[in-house]
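Reader: I would like to learn how to read a few features of a protein model. Please take them one at a time.

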Amino acid sequence: MIADVLAETTSRMTRAVEAAKEDFSTVRTGRANPQLFQKVLVDYYGTPTPLAQLASLANQEARTLIITPYDKSALKAIEQAVRDMPNLGANPTNDGNLVRVVMPELTADRRKEYVKLVKTKAEDAKVHVRGIRRKAKDELDALKSELGEDEIARAEKELDALTRQHVDLIDDALKRKEAELLEV
């Protein structure tokens, strides 16, 4: 029973860490990266649709990204969705067949702003991991009458170690992203 709770908790914490890393990848660095557009939702015939389902994304050069829609009628909607995307600062151009997005050069202030944004995302991820820990601890406390306090105490120590390990993984990912953002 304890093993099941710990296995489920490990799985959920690992997914939370992966979600945090994915979230970090949506914060831009000095290069154009198709992952920046992962969370862009395009209003396609009245339905918010992920950009990746409507178009292919390719790097033309370091700061230029080409978006080629599968359906040419979605060009204007894609262009508008990219323009409205917060924290991007890009001005897309549409030539009738594709959308070209040239990423502006990052200033030192903008880089610091992005570092703050990534730190906020990291803190949210840590809070989520701690929430998972709290829920697992409640589940373990519910088992106390069946298994005894010693077994539960051992399981809680394991749970704390798991939590520490996953928080450290988030911190490591944050350090890497911070270094990437501050790199000129």
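**Reading helices, rings and a cavity**

Author: Lysine 119 is found in helix α4. Helices (H or I, at least four residues) and strands (E, at least two) are DSSP runs, numbered from the N terminus. This is a predicted model, in which local features need pLDDT of at least 70 and side-chain atom pairs count only at pLDDT 80 or more, while totals for chains, interfaces and linings use all residues. Residues are numbered from 1 along each chain as its sequence is written, and side-chain values use heavy atoms, with hydrogens and water left out.

Reader: Is lysine 119 buried, exposed or partly exposed, and why?

Author: Buried means under 20% relative accessible area, exposed over 50%, and partly exposed in between (1.4 Å probe, protein chains only). Lysine 119 has 42% relative accessibility, so it counts as partly exposed. Lysine 119 and lysine 177 are 58 residues apart in sequence, and their C-alpha atoms are 9.6 Å apart in space.

Reader: How do I read a pair of packed helices?

Author: Two packed helices are described by the angle between their axes and the distance between the axes. Axes are lines fitted to C-alpha atoms, for helices over the stretch in contact, and angles run from 0 to 180 degrees between N-to-C directions. Under 35 degrees counts as roughly parallel, over 145 as roughly antiparallel, 65 to 115 as roughly perpendicular and the rest as oblique. Here the axes of α4 and helix α6 (residues 149-182) come within 10 Å and cross at roughly 170°. α4 is therefore roughly antiparallel to α6. The residues of this contact divide into 16 nonpolar, two polar and 11 charged. In that division Ala, Val, Leu, Ile, Met, Phe, Trp, Tyr, Cys and Pro count as nonpolar, Asp, Glu, Lys and Arg as charged, and the others, Gly among them, as polar.

Reader: At what angle do α1 and α6 pack?

Author: The angle is about 10°, with the axes of α1 and α6 10 Å apart. That makes α1 roughly parallel to α6. Their contact has 13 nonpolar, six polar and five charged residues.

Reader: How do I read an aromatic pair?

Author: A pair of aromatic rings is described by the distance of the centres and the angle of the planes. Rings of Phe, Tyr and Trp (its six-membered ring) pair if their centres lie within 6.5 Å; planes under 30 degrees apart count as stacked, over 60 as edge-to-face and the rest as tilted. The structure holds one such pair. Tyrosine 44 and tyrosine 45 form it, edge-to-face, at 4.7 Å centre to centre and 65° between the planes. Tyrosine 44 counts as partly exposed because its relative accessibility is 21%, and tyrosine 45 counts as exposed at 66%.

Reader: Where is tyrosine 45 found?

Author: Tyrosine 45 is in the loop between β1 (41-44) and β2 (47-50). Its phi is near 55°, a positive value in a residue other than glycine.

Reader: Which residue types line the largest cavity?

Author: The lining divides into three nonpolar, one polar and four charged residues. Val5, Glu8, Thr9, Arg12, Ile132, Lys135, Ala136 and Glu139 form this lining. The elements that give two or more residues to it are α1 (2-25) and α4 (108-142). On a 1 Å grid over the protein atoms alone, a cavity is a set of points where a 1.4 Å probe fits but cannot get out, and lining residues have an atom within 4 Å of a point.

Conventions. 1 Å grid on protein atoms, 1.4 Å probe; cavity = no way out; pocket = protein on both sides within 12 Å on 5 of 7 lines; lining within 4 Å.
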